[in-house]
Amino acid sequence: MHWQIDLIVLTFVIFCAIAAISVKDLLATAILFGAYSFMMCLLWAVMGAVDVAFTEASVGAGVSTVFFVAAVFRTSRRTKD
Amino acid sequence: MTEILSLIVAKYNYWLYVILMMIGLYAMIAKNNLIKKLVGMNIFQTAIILFYVSIGYKKDATIPIIEGAHGGHGASGAAIHAADYINPLPHVLMLTAIVVSVATFGVAMALAVRVYQRYQTLEEDELRMRLSEK
């Protein structure tokens with residue numbers, strides 16, 4: 001694990017997390033959350049946990065985002081905070 | 001003073017995991033929208049998983065797949081040193097945790113959809129108002 005890659009990706013992860021919980025549109029939250037999951041998967045691949053990385057890429061960034069978008073379309077995009 | 005500072009800098013990844021965990025906790029407690037609370041829960045879970053996976057990391061080690069075990073005939077004969085491979089135990093445990101977290105997320109989303117169909121809102125304060133009207 002090169003500490004430069006680690007630090008840069010970790011910073012991206014934290015930015016994505018803050019943006020996902022502070023943006024005022026739930027569809028934007030869904031997409032930012034998918035980006036967060038993919039960055040997390042990258043971090044695990046760098047750490048050598050390849051099995052965890054591809055499970056996260058398929059399940060976290062794939063299925064979760066699909067669930068999320070489906071739920072947003074069945075409810076509303078509006079959020080107050 | 002300098003040794004405390006060097007300890008903080010050397011363990012920078014643990015501090016960032018704690019920050020990530022606290023972002024998730026804040027979203028779970030302070031956000032008003034139910035979906036935002038779910039996102040906070042998932043951030044919290046992935047921060048814990050990240051912490052566990054990082055514990056198993058070793059310097060100058062490769063991924064936990066034995067080299068040359070699948071080629072050739074029979075055993076390769078060379079001794080296997082555990083120090084050459086990253087510890088796979090936290091990976092396996094956290095693989096289960098990822099699957100559980102996705103199942104939790106799916107069920108929680110389904111409950112949020114049902115709440116919206118019944119009360120036409122996902123905001124916690126409006127929900128409390130509708131509940132107290134009845």
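Predicted model: local features only at pLDDT ≥ 70, side-chain atom pairs only at ≥ 80, totals over all residues.
Residues are numbered from 1 along each chain as its sequence is written, and chains are lettered from A and ligands numbered from 1 in the order in which they are written.

I begin with confidence. The pLDDT, the predictor's confidence in each residue from 0 to 100, averages 91 over chain A, and 99% of the residues score at least 70.

Next, the fold. Chain A contains 3 helices and 0 strands, helices being DSSP runs of H or I with at least four residues and strands runs of E with at least two, numbered from the N terminus. Its C-alpha atoms fill a box of roughly 40 × 20 × 10 Å along the principal axes.

I now turn to the contact between the chains. The axes of helix H1 (residues 3-22) of chain A and helix H2 (residues 12-30) of chain B come within 10 Å and cross at roughly 10°; axes are lines fitted to C-alpha atoms, for helices over the stretch in contact, with angles from 0 to 180 degrees between N-to-C directions. H1(A) is therefore roughly parallel to H2(B), a term for angles under 35 degrees. Residues in contact have C-beta atoms, placed from the backbone, within 7 Å. Among those making this contact are Leu10(A), Ile14(A) and Ile21(A) of H1(A), and Leu16(B), Leu20(B) and Ala27(B) of H2(B).

Definitions and conventions:
Parallel < 35°, antiparallel > 145°, perpendicular 65-115°, else oblique. Contact = placed C-beta atoms within 7 Å.
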